[in-house]
Amino acid sequence: MDQAQPKPYWETKSLTEMSTEEWEALCDGCGRCCLNKLQDEDNGKIYLTSAACYLLDIDSCRCSDYQNRKQRMSECISLSPDNTGWLEWLPDTCGYRLRARGLPLPDWHPLVSGDPDSVHQAGISVRHLAISELDVDDLRDYVLED
Ligand code: SF4
Ligand code: SF4
């Protein structure tokens with residue numbers, strides 16, 4: 001008879017109980033939080049654009065200077081278990097947001113698939129839609145559909 005596999009850490013630990021390594025691995029590497037947003041001054045609605053932070057490596061969808069990101073990009077939000085005010089701003093697919101809601105990680109999440117490329121293959125990452133903000137004149141031309 002097969003022995004039951006132990007549950008993975010992201011199902012047994014809360015966000016605040018995770019080690020730094022476990023916390024970092026919960027990021028699926030989609031790059032969506034590195035896209036610029038626009039806010040409608042009249043109704044407060046947030047619009048996501050395809051214009052990515054200039055530090056995002058669009059092919060890997062990873063920050064090209066993660067260690068120094070706060071110094072180089074003052075608007076970059078550092079995600080941490082102690083700083084959860086950002087949760088509502090993250091996409092529904094984000095691993096942090098899913099676990100904060102008690103939802104399972106999807107099959108394409110690298111922690112589940114064991115393959116860092118699965119987030120790209122599933123079309124979740126911004127690899128095929130992002131453009132560097134350095135190549136953008138007017139963000140309003142790059143608003144993504146809801
Ligand atoms: S949206 Fe969430 S999972 Fe995607 S890159 Fe940002 S922090 Fe990581
Ligand atoms: S500095 Fe890095 S982590 Fe922060 S928004 Fe830019 S690419 Fe993303």
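This is a short walk through a predicted model of one protein chain with its ligands.

Let me start with the overall layout. The protein chain has 146 residues, and 20% of them count as buried. Its C-alpha trace spans about 60 × 30 × 30 Å along the principal axes. Six helices and five strands make up the secondary structure. In sequence order, the pattern reads α-α-β-β-β-β-α-α-α-α-β. So much for the order; now the contacts. Take those in the protein chain with a separation of 6 or more: 56% of them come from residues 24 or more positions apart.

Next, the strands. Begin with β1, residues 35-39, and β2, residues 46-52. These two run antiparallel, joined by four bridges. One pairing to look at is Q39, whose bridge partner in β2 is I46.

Which strand pairs with β2 in the parallel sense? That is β5, residues 131-132, and the pairing covers two bridges. Here A52 has S132 as its bridge partner in β5.

Find C61 in the loop between β3, residues 56-57, and β4, residues 62-63. Its phi is near 60°, a positive value in a residue other than glycine. Is C61 buried or exposed? C61 counts as buried, because 22 C-beta neighbours lie inside 10 Å and the threshold is 20 or more.

On to the ligands. How many residues surround ligand 1? There are 13, and the closest are C27, D28, C30, C33 and C94. By class, that shell holds eight nonpolar, three polar and two charged residues.

Ligand 2 next. Its surroundings are C34, C53, L55, L56, C63, R69, M73 and C76. The class count here is seven nonpolar, one charged and no polar residues. Two names tie back to the strands. L56 is in the shell of ligand 2, and β3 covers 56-57. C63 is in that shell as well, and β4 covers 62-63.

Look at C61 in its loop between β3 and β4. And look at the residues around ligand 2, including C34, C53, C63 and C76.

Note on methods
Residues numbered from 1 in each chain as written. Chains lettered and ligands numbered in written order. Predicted model: local features only at pLDDT ≥ 70, side-chain atom pairs only at ≥ 80, totals over all residues. Near = placed C-beta within 6 Å. Nonpolar A, V, L, I, M, F, W, Y, C, P; charged D, E, K, R; others polar. Buried ≥ 20, exposed ≤ 12 C-beta atoms within 10 Å, placed from the backbone. Contact = placed C-beta atoms within 7 Å. Pairing = 2+ DSSP bridges.
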